[in-house]
Structure formats: C-alpha cells, structure tokens
Amino acid sequence: MQLVEFVTASVILTLMPGPDIIYVSVQGLTRGRKAGLAVSLGLCSGLFFHTMAAALGLSLIILNSPTLFNLIRYAGVGYLVYMGIRCLISANAPEPSDSPSVADSTPQESFGRLYRRGITMNVLNPKVLIFFLAFLPQFLDYGSSTPTADIFVLGGVFAVQALIIFTAVSLLSGFFSEKFAGRLLSGKAVSIINGAVYLAIAVVFLLSKSPAI
C-alpha cells in the first residue's frame, strides 16, 4: 500500500469544503462543540460502512444498478429534506426571553441522536459511495495477495484522519460559538441556518449520479 501518499491525499481531500465538513462546522457553531463532536463521530463511523461495501464489492454492484443507487440517493435526499423542514418549522417556535448563548436557546438533542444522525447522513451519501470505490483502489499495491484486507486498512486510516480533522473543526467552531455566535445568533436564526444546510446538502445528494446511469 502507498500509505504515505494515501494519508496526504486523504487529508487534503478532507480539508476541502464539502457537505461533511460544512455540516460539522455549522453544528459546532450553532449548537456547540459537543454537537460537533457527536456528528463528527457519526460521520466517521459511517465511513466503515462504505469501506466494507468497497472491500466486499457491494459498492460496484450498487453503482452498476441505477435502481439501487437511486434508492440510496432518494432515501438520503428524503431524510435531509425532512430534517431541513423540521428545523425550519422549529424556527417558528417561541424563544425563551432570556437566552445567554446559542446552546441555551437552541432545542437540545442528545449526543446519541446526533451521533446516529451523522451515521445516517454518511451511509446515505451517494458521493461517499462513489468516492470510496474510485479513491481507495488507487493506493493498493498491484498484485497484492490481500486486496480486501488492504482496502479495510485504507478505509480505517481515512476514517481516523477524518475524525482528527473533524474533531479539530468541532472544537474550533465550538470555541467561536461560545465567544461570538451566542451573542449574534438567536435560537430562530440557528434553526433557520441548520434547516438551510440540510436542504443544501439534500441538493448535493440529488445531483449525485452513478457512473452507470
């Protein structure tokens, strides 16, 4: 395996603006570092599903089946639209008169629920499915006697570096949330921002197309 090259490319790709890192940033900024950490763990846990799918050949089957690919894509779009509408509806709820911070004025969700949401978003993300199938094999040694095990190793390495970066983003955005956002954003604004992010990511999912389609 070309591990050094793989790690370098993975870090660069993870740092590039995309739905995952934007979602983590927004959660940390609007809900605090704990929420950012929860969705970071969820998103990175979901990567193991894509790693397994790529290693076992499931990704190739899905990409070559427009029906299966669209089923995953539309499930992801539907889930994100539901979450977006739910956030926008909650924006109309009465706000507490005394809300010293964004975290205090935003409807709170458990760490476990946010974690599961991160997993769901990642598993239903067709772009990650395509990315893993195209990206991981490029760093395998030609003629390796253990290609399946090598893919699992690369997938694990990718998940670890992504978790490190997402954790740093969560802590940084959480810091700004505590220092600045709490004074600038109301609970209604937070709900609107989160709703808009969900709907924007839904559009990204909707525009994803399998090479077989």
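Contact here means heavy atoms within 4.5 Å, and helices are DSSP runs (H or I, at least four residues) numbered from the N terminus. The structure is a predicted model, in which local features need pLDDT of at least 70, side-chain atom pairs count only at pLDDT 80 or more, and totals for chains, interfaces and linings use all residues. Residues are numbered from 1 along each chain as its sequence is written, and side-chain values use heavy atoms, with hydrogens and water left out.

**View 1. Overall fold of the protein chain.** The secondary structure comprises 10 helices and 0 strands.

**View 2. Packing of helices α5 and α7.** Helix α5 (residues 66–90) packs against helix α7 (residues 111–123) at an angle of about 140 degrees, their axes lying 9 Å apart; axes are lines fitted to C-alpha atoms over the stretch in contact, and angles run from 0 to 180 degrees between N-to-C directions. From α5, residues I72, Y79, L80, M83 and R86 meet R113, R117, T120, M121 and V123 of α7. The residues of this contact comprise 6 nonpolar, 1 polar and 3 charged.

**View 3. Helix α8 and its N-terminal cap.** Within α8 (residues 126–135), the buried residues are P126, V128, L129, F132 and F135. N125 caps the N-terminal end of α8, with a side-chain oxygen 2.9 Å from the backbone nitrogen of K127.

Methods. Buried means under 20% relative accessible area, exposed over 50%, partly exposed in between (1.4 Å probe, protein chains only). Helices (H or I, at least four residues) and strands (E, at least two) are DSSP runs, numbered from the N terminus. A polar contact is a pair of N or O atoms within 3.5 Å; within protein, one must be able to donate a hydrogen and the other to accept it, and residues adjacent in sequence count only if both atoms are side-chain atoms. Ala, Val, Leu, Ile, Met, Phe, Trp, Tyr, Cys and Pro count as nonpolar, Asp, Glu, Lys and Arg as charged, and the others, Gly among them, as polar.
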